[in-house]
Amino acid sequence: MPLDFETGKALRESPALFARTVLGVTPQPWQVEAMDAVRDHPRVCIASGHGVGKSALLSWLCLWHLLTHIPSKTAVTAPTSHQLSDVLFAEITKWARGLPPTFRNSLDIKSDTIRLRGAPDTAIYARTSRLDNPTALQGFHDSNSMLFLCDEAAGIPDAIYEVASGALSSKGSRIILAGNPTSQSGYFYNAFHRNRARWKTMNVSCLDSPMVSP
């Protein structure tokens, strides 16, 4: 049945609560910290090791934004089609299909989009960010709420971020960069260094994750 106003408001204000009550998961402490950061900061940058639960976190945030911010647009991107389609969007789709029926039946799930039925302006879009397609994230704008999630952010060309900067200037927009710190230059690197004052940054070590074996 539809959510009452107070429940919907509580879920909108806490992605961690959404993860626990709607998705039925127990987030790791760093995931709770990251979700609180996304709630409180428009620009969040997460450098992590492999296998710590990054894709799951990004998936939960996508579905939280889709189901609690109406109307809204969520754009997810990665530097390769494999990373985007076979890893991240596959993870998002897995969690979407595992939602309780009330939520799952409200979604129209396609290979590169997930739309909220009855709200045509509210959807998750998957777009690959390659240097030969710098306009991949152009045109995304929503007057209510816009969320960009950039996976393996160190591999996304700076030109892509420059094109997306127009949408990021609008009120209610958020951006999350996440990935392995594999480069000592570029937009992702500078979020931790030259432009650190503009970002809420986090470092997640494999040593701190129970999901990674010794």
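One cavity of 30 Å³ or more is present in the structure, a cavity being a set of points on a 1 Å grid over the protein atoms alone where a 1.4 Å probe fits but cannot get out. The model is a predicted one, in which local features need pLDDT of at least 70, side-chain atom pairs count only at pLDDT 80 or more, and totals for chains, interfaces and linings use all residues. Residues are numbered from 1 along each chain as its sequence is written, and side-chain values use heavy atoms, with hydrogens and water left out.

Turning to the cysteines, zero disulfides were found, a disulfide being a pair of cysteine sulfur atoms within 2.5 Å. For Cys150, the nearest cysteine sulfur belongs to Cys45 and lies 9.4 Å away. Cys150 counts as buried because its relative accessibility is 2%, where buried means under 20% relative accessible area, exposed over 50% and partly exposed in between, with a 1.4 Å probe and protein chains only. For Cys206, the nearest cysteine sulfur is again that of Cys45, 17 Å away; with a relative accessible area of 26%, Cys206 is partly exposed.

Helix 4 is mostly covered, with 15 of its 15 residues buried.

Definitions and conventions
Helices (H or I, at least four residues) and strands (E, at least two) are DSSP runs, numbered from the N terminus. On a 1 Å grid over the protein atoms alone, a cavity is a set of points where a 1.4 Å probe fits but cannot get out, and a pocket is an open set with protein on both sides within 12 Å along at least five of seven lines; lining residues have an atom within 4 Å of a point. Grid points are joined across faces, edges and corners, and a volume is the space filled by probe spheres set on the points.
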